[in-house]
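Please read the points with the model open.

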Amino acid sequence: MKANSEWKGNAGTELLSSLGEVLMYGHIIEDLIRLHLCELAFFGRLGNPPITEDEIKKCRLEQMVDLLPSSVSPNSSFIDGLHLTRKLRNQVAHGLINQVGEDLRTLEGCDQICALLREIASWEKKYLSRLKVAHEKLLHSVCVEQTLRVMERQAPPSDRSVTASQMTKTLRELQRLGEP
């Protein structure tokens, strides 16, 4: 498919920005859910039998959403909505061109794609906001109820840096292959 050159420039920048926003919010939601579940597990508030942090770290997002307790949301519509935001993020990340690629041919179509992506991002922001509130409530309650445990907690050693990242290792492998 050959894109129309009229949408290059600002429209192309806006499209990439909107796409990046959807993907970024989707990943932040995933990271916050994982963090929230790990905190719940550490403080003994997750599952019967309890689920460990290591088990949580191996879970896919779909599984983690299902693990969220009713303390995050007493109704299932919030959980259903998180599943839909996950599904939208995956559709955007893996199927954008297949689903809306024809609209890339025109400036109007590009505007429609941007509007769609902005709408998806706005819903992701709403769900992220709700998750943040739930996480802040958890942190507040454990600080009040389990102050000594909070103070005794030590973060595991971490070397989360660019030089130690899996991304850097994979990039080095690509660089060893040389230019295509």
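**Salt bridges and helix packing**

1. Arginine 45 counts as partly exposed because its relative accessibility is 28%. The classes are buried (under 20% relative accessible area), exposed (over 50%) and partly exposed in between, with a 1.4 Å probe and protein chains only. Glutamate 145 has 56% relative accessibility, so glutamate 145 counts as exposed.

2. A note on the basis. This is a predicted model: local features need pLDDT of at least 70, side-chain atom pairs count only at pLDDT 80 or more, and totals for chains, interfaces and linings use all residues. Residues are numbered from 1 along each chain as its sequence is written, and side-chain values use heavy atoms, with hydrogens and water left out.

3. The side chains of arginine 45 and glutamate 145 form a salt bridge, at 2.3 Å from N to O. Arginine 45 is in the loop between α1 and α2 (53-57) and glutamate 145 is in helix α5, so the pair ties together parts 100 residues apart in sequence. A salt bridge here is a side-chain nitrogen of Lys or Arg within 4 Å of a carboxyl oxygen of Asp or Glu. Helices are DSSP runs (H or I, at least four residues), numbered from the N terminus.

4. The whole structure holds 7 salt bridges. One of them pairs glutamate 21 with lysine 125, with the closest N and O atoms 3.2 Å apart. This pair links distant parts of the chain: glutamate 21 is in helix α1 (residues 10-42), lysine 125 is in helix α5 (residues 107-145), and they are 104 residues apart. Glutamate 21 is partly exposed at 22% relative accessibility. Lysine 125 is also partly exposed, at 38%.

5. Arginine 34 and glutamate 30 also meet in a salt bridge, at 3.8 Å from N to O. Both residues are buried. They lie 4 residues apart in helix α1, so about one helical turn separates them.

6. Now the helix pair. Helix α4 (residues 76-100) packs against α5 at an angle of about 150°, with axes 10 Å apart. Axes are lines fitted to C-alpha atoms, for helices over the stretch in contact, and angles run from 0 to 180 degrees between N-to-C directions. The two helices are therefore roughly antiparallel (an angle over 145 degrees).

7. Which residues of α4 and α5 make the contact (heavy atoms within 4.5 Å)? Among them are Phe78, Leu82, Leu88 and Arg89 of α4, and Ile113, Leu117, Glu124 and Tyr127 of α5.

Definitions and conventions
Parallel < 35°, antiparallel > 145°, perpendicular 65-115°, else oblique. Contact = heavy atoms within 4.5 Å.
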